[in-house]
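Dear colleague,

Please find below the structure that I am handing over to you. My notes on it follow directly after.

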Amino acid sequence: MSHFSMAAVDSLLAFQAQQGITGDMVEMGVFRGKSAAVLARRMSPSETLHLYDIEDYLDRDKVGRSSTKIEFNIKNTFDLKRRDLKNLKRSTKFCHVDASHMFDPTVHEIDLADYMLADDGILCLDDFTNLNYSQILAATFKYLFTRQTDLTIFLVTAEKAYLCRRRALPIYEQFILNDMQGQMTARGIPSTCIARTDTTDSYRAFHLREKLKGETDDRYGQSIYGHLYSAYQPPNFATKTLHFLARNIRRKKYARPVIREPS
Ligand SMILES: C[S@@+](CC[C@H](N)C(=O)[O-])C[C@H]1O[C@@H](n2cnc3c(N)ncnc32)[C@H](O)[C@@H]1O
């Protein structure tokens, strides 16, 4: 895990703590335990860190103090079923996926995370933007756009994607807009920029990155995209009804059979 990712993950975990968001944490793909140690630092005594790896490479001393509650499972995540995780259903505040990076296992791991994630939890996908593993992008969008899910990407970096449930978007968007860059500075990454160039219902994630050489603005393309740098407002009843009517009128129009007049 890079210094940048450690700072980003730690900033988000600290924000969750400040918001009173509690719950266990899960990591799939642990290796020696470098990223697990970052998670362990933000656990309260009542919370448990559940680690899953197909092999045992874990350096236990690295992960945390003896008081840290850790459950290490040697398991292929592709063999894990939702029923194996029922104690964690809708209760996990942070889930880090960093295992095989293969297409089908990634779809499966996102499905497990979706099952475990609390209403205001965060799912973090490692190597999302590493094109040596471009199947992670494909697997993620397959899951998001073909399954019944309320997960959505709210942040990407040069390494990871961060997802939350749609209802939790306002709090995480507010944090990114108002505080995250300051938190990155406090963790030794002083010069960051956020970019957002679309806010459709389907996709409205921010990109957080270090500033490019000579770049001064904290927000990319502020003069063009300035209106997109505001937090998500869930649609109200009237807007939802209008969208519903528009969708149905459109569907009916296109579904109407074309009857040709006899010539
Ligand atoms: C890149 S390493 C994880 C690094 C760790 N998260 C970190 O940042 O320090 C990937 C790990 O995933 C594990 N792994 C690979 N395929 C797996 C699978 N199907 N189920 C569980 N673990 C798997 C490997 O054994 C390896 O330890």
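Helix 1 passes helix 6 in a right-handed crossing, in what is a predicted model. Helix 1 covers residues 3-18 and helix 6 covers residues 169-186; they pack at an angle of about 125 degrees, and their axes lie 10 Å apart. Since angles over 145 degrees count as roughly antiparallel and 65 to 115 as roughly perpendicular, this angle makes helix 1 oblique to helix 6. On the side of helix 1, the residues that meet helix 6 are Ala7, Ala8, Ser11, Ala14 and Phe15; their counterparts in helix 6 are Phe175, Met180, Gln183 and Met184. Sorted by class, this contact of helix 1 with helix 6 consists of seven nonpolar and two polar residues, with no charged residues.

A second pair of helices may also interest you. Helix 4 (residues 103-116) packs with helix 5 (residues 135-146) at an angle of about 45 degrees, the axes being 9 Å apart. Helix 4 and helix 5 are therefore oblique to each other, and their crossing is right-handed. From helix 4, Phe103, Thr106, Val107, Ile110 and Asp111 take part in the contact, where they meet Gln135, Ile136, Ala138, Ala139, Thr140, Lys142 and Tyr143 of helix 5. The residues of this contact of helix 4 with helix 5 comprise seven nonpolar, three polar and two charged.

Is Leu123 buried or exposed? A residue counts as buried when 20 or more other C-beta atoms lie within 10 Å of its own; Leu123 has 25 other C-beta atoms within 10 Å and is therefore buried. Apart from neighbours within four places in sequence, the residues in contact with Leu123 are Cys95, Ala113, Leu117, Leu151 and Leu163. Lys240 stands 117 residues from Leu123 along the chain, and 27 Å separates the C-alpha atoms of these two residues.

Finally, there is the ligand. Which residues around the ligand come nearest? Of the 19 residues around the ligand, these are Gly29, Phe31, Lys34, Ser35 and Ser100. Helix 2 (34-40) and strand 2 (48-53) each contribute at least two residues to the shell around the ligand. By class, that shell holds 10 nonpolar, five polar and four charged residues.

With kind regards

Conventions
Residues are numbered from 1 along each chain as its sequence is written. This is a predicted model: local features need pLDDT of at least 70, side-chain atom pairs count only at pLDDT 80 or more; totals for chains, interfaces and linings use all residues. A residue is near a molecule or strand if its C-beta atom, placed from the backbone, lies within 6 Å of it. Helices (H or I, at least four residues) and strands (E, at least two) are DSSP runs, numbered from the N terminus. Ala, Val, Leu, Ile, Met, Phe, Trp, Tyr, Cys and Pro count as nonpolar, Asp, Glu, Lys and Arg as charged, and the others, Gly among them, as polar. Axes are lines fitted to C-alpha atoms, for helices over the stretch in contact, and angles run from 0 to 180 degrees between N-to-C directions. Angles under 35 degrees count as roughly parallel, over 145 as roughly antiparallel, 65 to 115 as roughly perpendicular and the rest as oblique. A crossing is left-handed if the near helix is turned anticlockwise from the far one by less than a right angle, and right-handed if clockwise. Two residues are in contact if their C-beta atoms, placed from the backbone, lie within 7 Å. A residue is buried if 20 or more other C-beta atoms lie within 10 Å of its own, exposed if 12 or fewer, and partly exposed in between; C-beta atoms are placed from the backbone.
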